[in-house]
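Open the model in your viewer and keep the sequence panel beside it. This tour tells you what to select at each stop and what is there.

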Amino acid sequence: MAQRSRIGEIVLEAEALTRPSAELEADRNSAIADLLHENRFIPKGAPEGPYTLHLGLNGGRLVFDIRRADGSPIGAVILAMGPFRGLIKDYLMLVGAHHAAVADGQHARIQAIDMGRRGLHNEGAELLLRRLDGKIDIDFDTARRLFTLICVLHQRLTH
């Protein structure tokens with residue numbers, strides 16, 4: 001069942017808008033690689049996967065456009081971005097602070113920032129799990145990785 005209840009491909013819909021910072025590009029690449037390696041993703045009422053997920057922002061809303069592996073549409077789940085905005089803003093601030101701490105060689109500060117980022121990832125994952133409850137069944141690690149991608153998409157639209 002593991003192969004049928006997962007994302008097999010992910011497409012970020014705002015790819016052409018801007019180039020993310022090097023730090024967010026690294027986060028994005030890591031999140032996508034980890035997500036494709038292992039995830040749990042079961043849309044309610046959908047046929048068996050694996051699924052192609054087109055993740056994007058449209059009109060201030062987060063869009064999970066779910067498709068079959070051949071690209072044919074299954075359906076979409078649309079969430080308001082409002083509840084995520086504070087966490088995303090804090091996450092993007094910490095990404096910048098991490099870059100500055102690395103550039104300055106402040107190892108103790110880097111560790112503190114990394115702990116803060118992990119905490120924000122956890123909060124973002126918990127929020128995503130609650131918002132998708134009854135719509136898409138995902139596990140905590142999948143939610144953490146999707147939250148990272150949501151932050152990258154948001155940064156692309158604001159920079």
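Strands here are DSSP runs of E, at least two residues long; helices are runs of H or I, at least four long; both are numbered from the N terminus. Two strands count as paired if DSSP finds at least two bridges between them.

Before going on, note that this is a predicted model, in which local features need pLDDT of at least 70, side-chain atom pairs count only at pLDDT 80 or more, and totals for chains, interfaces and linings use all residues. Residues are numbered from 1 along each chain as its sequence is written, and side-chain values use heavy atoms, with hydrogens and water left out.

**The sheet**

Select Tyr51. Opposite stands Arg68 in S4. Now go to the hairpin of S3 and S4, which has two residues between the strands. Gly59 takes a positive phi near 60 degrees there.

Next, select S4 (residues 61–68) together with S5. Seven bridges join these antiparallel strands. Pick Phe64 and you find Val77 of S5 opposite. Pick Arg67 and its bridge partner in S5 is Pro73. The hairpin of S4 and S5 has four residues between the strands. In this hairpin, Gly71 has a positive phi near 95 degrees.

Four strands form an open sheet in the order S1-S3-S4-S5, with mixed pairing. Which strands are at the edges? They are S1 (7–12) and S5 (73–80), each pairing on one side only. Neighbouring strands are turned by 20 degrees against each other on average, direction ignored.

**The helices**

Show helix H3, residues 107–132. H3 lies across S4 and S5, at about 120 degrees to S5. Axes are lines fitted to C-alpha atoms, for helices over the stretch in contact; angles run from 0 to 180 degrees between N-to-C directions.

H2 and H3 pack at an angle of about 160 degrees, with axes 9 Å apart. That makes H2 roughly antiparallel to H3 (under 35 degrees counts as roughly parallel, over 145 as roughly antiparallel, 65 to 115 as roughly perpendicular, the rest as oblique). Their contact residues divide into 14 nonpolar, four polar and six charged. Nonpolar here covers Ala, Val, Leu, Ile, Met, Phe, Trp, Tyr, Cys and Pro; charged covers Asp, Glu, Lys and Arg; the others, Gly among them, are polar.

Now bring in H1. The axes of H1 and H2 come within 9 Å and cross at roughly 115 degrees. H1 and H2 are therefore roughly perpendicular to each other. Select Glu23, Leu24 and Asp27 in H1: they meet Tyr91, Leu92, Val95 and His99 in H2 (contact means heavy atoms within 4.5 Å). The residues of this contact divide into four nonpolar, one polar and two charged.

**Last stop: a salt bridge**

How many salt bridges does the structure hold? There are two, each defined as a side-chain nitrogen of Lys or Arg within 4 Å of a carboxyl oxygen of Asp or Glu. Select Arg40 and Asp137, which form a salt bridge with the closest N and O atoms 2.5 Å apart. Arg40 is in the loop between helix H1 (22–37) and strand S2 (41–43). Asp137 is in strand S6 (residues 136–138), 97 residues away from Arg40.
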